[in-house]
Amino acid sequence: MVSKNYLEDEFRTSTLFTDESVFESEYMPNGIKHRDNELIFLSRLFLPLLTQPFSLSKKILITGNVGIGKTITLHLFGKMIKESARKRNLNIKFIQINCRHKKTSASILKTILNELIGGVPSRGLSSRDFMEILVDYLRDYKCYLILVLDELGFLMKKDSDLIYTLTRINEVNFSHQFYLSFIGIVKDILSLKNLDDATISSLQNEVIRFKKYSESQMLDILKERVEIGLKPGVIDESVLKLISSLTSVSGDMRKSLKSLKDAVRYAEHHQMEKITLKVVQEVNSRSFSLSNNELHNLKRAELLLYATICNLLNNSQSEVTMNELKEEYIAVCGYYNEKPRSDTQLWEYIQTLKQYDLITTTMKNKNQRGRQSCFSIPNYSISTIKKEIEKILNSGNLHEI
Ligand SMILES: Nc1ncnc2c1ncn2[C@@H]1O[C@H](COP(=O)(O)OP(=O)(O)OP(=O)(O)O)[C@@H](O)[C@H]1O
Ligand SMILES: [Mg+2]
């Protein structure tokens, strides 16, 4: 018997998307809404570079919650700078690197050189060698580099002097001329714990804090994507409003776009021609799938702390204070036969969990004695996480510390 060609069936199934790629997280829109103030601010800061090239060096830190457009705003700003530089025949390069993917000085410097020169040898050269090649290149080609290090908190502790060394090349190597500006992007200053104190304090001189989007701004952004990514009439404004209101607490646009895409997929799967309020509610009530990779990246001690937070939140609490956490943590360690770690270590584990977006923290006025940190878990179904943690803890397949 000849098997039916299921691929042909799939081709025939009508899709509600006109371009599904516009809902992918890597998608870079040509223009963005509601970040004009930030773009104007950045433009004013960097204008002197175009009017008096090599006259200044900037060190800027951009902060703000998850999914609020920090990366795409800087990407767009890069395009603007490159275009204005080209018009004026200025040799200005804008390079944006994500430290989640390039965590060491050597890999960052190699990426910069590959973009500038191309074909840098991958073996046998140290960070210092890469730095020398970079300095020579900038001087010989009279090239100004604006370097953006995104998700800077992921830079390895041992390489924390990279920014210091990079910005020092202005002072040490090029008398009276500047060849490099630096922009770092982080969720908050605390994520910079890996960097040395001098770098952290110098980065705090010029901080641009991105505010989260309001519900109506999120709606606007969703509408724009719908226009370019979905067939006309597939979703009404009232349904988009529901999506933006469900995700407006965090202001996380990535979450909002994912909810929309999930709703479209759900509707397609059920052969529906329109996305209804019910579809959005249904999709939203399903547990958000947790990227297991993040959990598998954690060390045993970090995982135990995460299990503690889940335990407390499971009992119908939406957030946990540090004191509650410490008390329950000792019990969890007892259960797993582990020695409880010091407060300093716990604080470091909390920063790691934040880094991976596994928890969110807020400061609350809990009593007259002052404010304290509260922790909660974004998006995920806590019972799913608990099951997953147990599986990992029992498998023994863990990074030990
Ligand atoms: N103003 C906007 N207009 C259009 N799309 C936006 C806008 N802001 C955010 N987005 C979209 O939302 C998603 C998240 O944006 P982005 O990656 O820039 O956030 P982020 O602040 O860098 O987040 P993270 O802290 O997790 O790195 C992306 O898919 C982006 O295209
Ligand atoms: Mg980002």
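Predicted model: local features only at pLDDT ≥ 70, side-chain atom pairs only at ≥ 80, totals over all residues.
Colleague: How many salt bridges does a search of the whole structure find?

Modeller: Side chains of opposite charge can pair when their charged atoms come close. With that, the search over the whole structure gives a total of 17.

Colleague: Which residue forms a salt bridge with K261, and how many residues apart are the two?

Modeller: K261 sits in helix 10, residues 253-269. The closest N and O atoms of the pair are 3.2 Å apart, and the other member is E24. E24 belongs to the loop between helix 1 (6-12) and helix 2 (36-51), so the bridge links distant parts of the chain. The partner is E24, and the separation is 237 residues.

Colleague: Is K261 buried or exposed?

Modeller: Buried means under 20% relative accessible area. E24, its partner in the salt bridge, has 30% and therefore counts as partly exposed. K261 has 12%, so K261 counts as buried.

Colleague: Where do E83 and K87 lie?

Modeller: The two form a salt bridge with closest N and O atoms 3.9 Å apart. E83 is partly exposed at 42%, whereas K87 is exposed at 63%. They are four residues apart, about one turn of the helix, and both lie in helix 3 (residues 70-87).

Colleague: How much of ligand 1 does the protein bury?

Modeller: Polar contacts to oxygen atoms of ligand 1 include a backbone atom of G67 at 2.8 Å and a backbone N or O atom of I68 at 3.0 Å. A polar side-chain atom of R254 also lies 3.0 Å from a ligand oxygen. Taken alone, ligand 1 exposes 630 Å², and the buried part of that is 96%.

Colleague: Which residues around ligand 1 come nearest?

Modeller: The shell divides into nine nonpolar, five polar and five charged residues. Helix 3, helix 8 (215-229) and helix 10 each supply at least two of its residues. Of the 19 residues around the ligand, the nearest are K33, K70, T71, Y213 and R225.

Colleague: How far apart are the end C-alpha atoms of helix 14?

Modeller: Helix 14 covers residues 322-335, and its buried residues include M322 and C333. At 1.5 Å a residue, its 14 residues should span 20 Å. The distance between the end C-alpha atoms agrees with this: 20 Å.

Colleague: Which residue with a positive phi follows helix 14?

Modeller: Most residues other than glycine have a negative phi. The residue after helix 14 has a positive phi, near 60 degrees. That residue is N337.

Colleague: Where are E151 and Q271 placed?

Modeller: Each has a positive phi of about 50 degrees although neither is a glycine. Q271 counts as exposed at 65% relative accessibility. E151 is in the loop between strand 3 (144-150) and helix 6 (162-173), and Q271 is in the loop between helix 10 and helix 11 (277-285).

Key. Residues numbered from 1 in each chain as written. Chains lettered and ligands numbered in written order. Heavy atoms only, no water. Salt bridge = Lys/Arg side-chain N within 4 Å of Asp/Glu carboxyl O. Buried < 20%, exposed > 50% of the residue type's maximum accessible area, 1.4 Å probe, protein only. Expected span 1.5 Å × (residues − 1). Near = heavy atom within 4 Å. Polar contact = N/O pair within 3.5 Å; in protein donor to acceptor, adjacent residues only side chain to side chain. Areas by Shrake-Rupley, 256 points an atom, 1.4 Å probe, with all protein chains shown as cover. Nonpolar A, V, L, I, M, F, W, Y, C, P; charged D, E, K, R; others polar.
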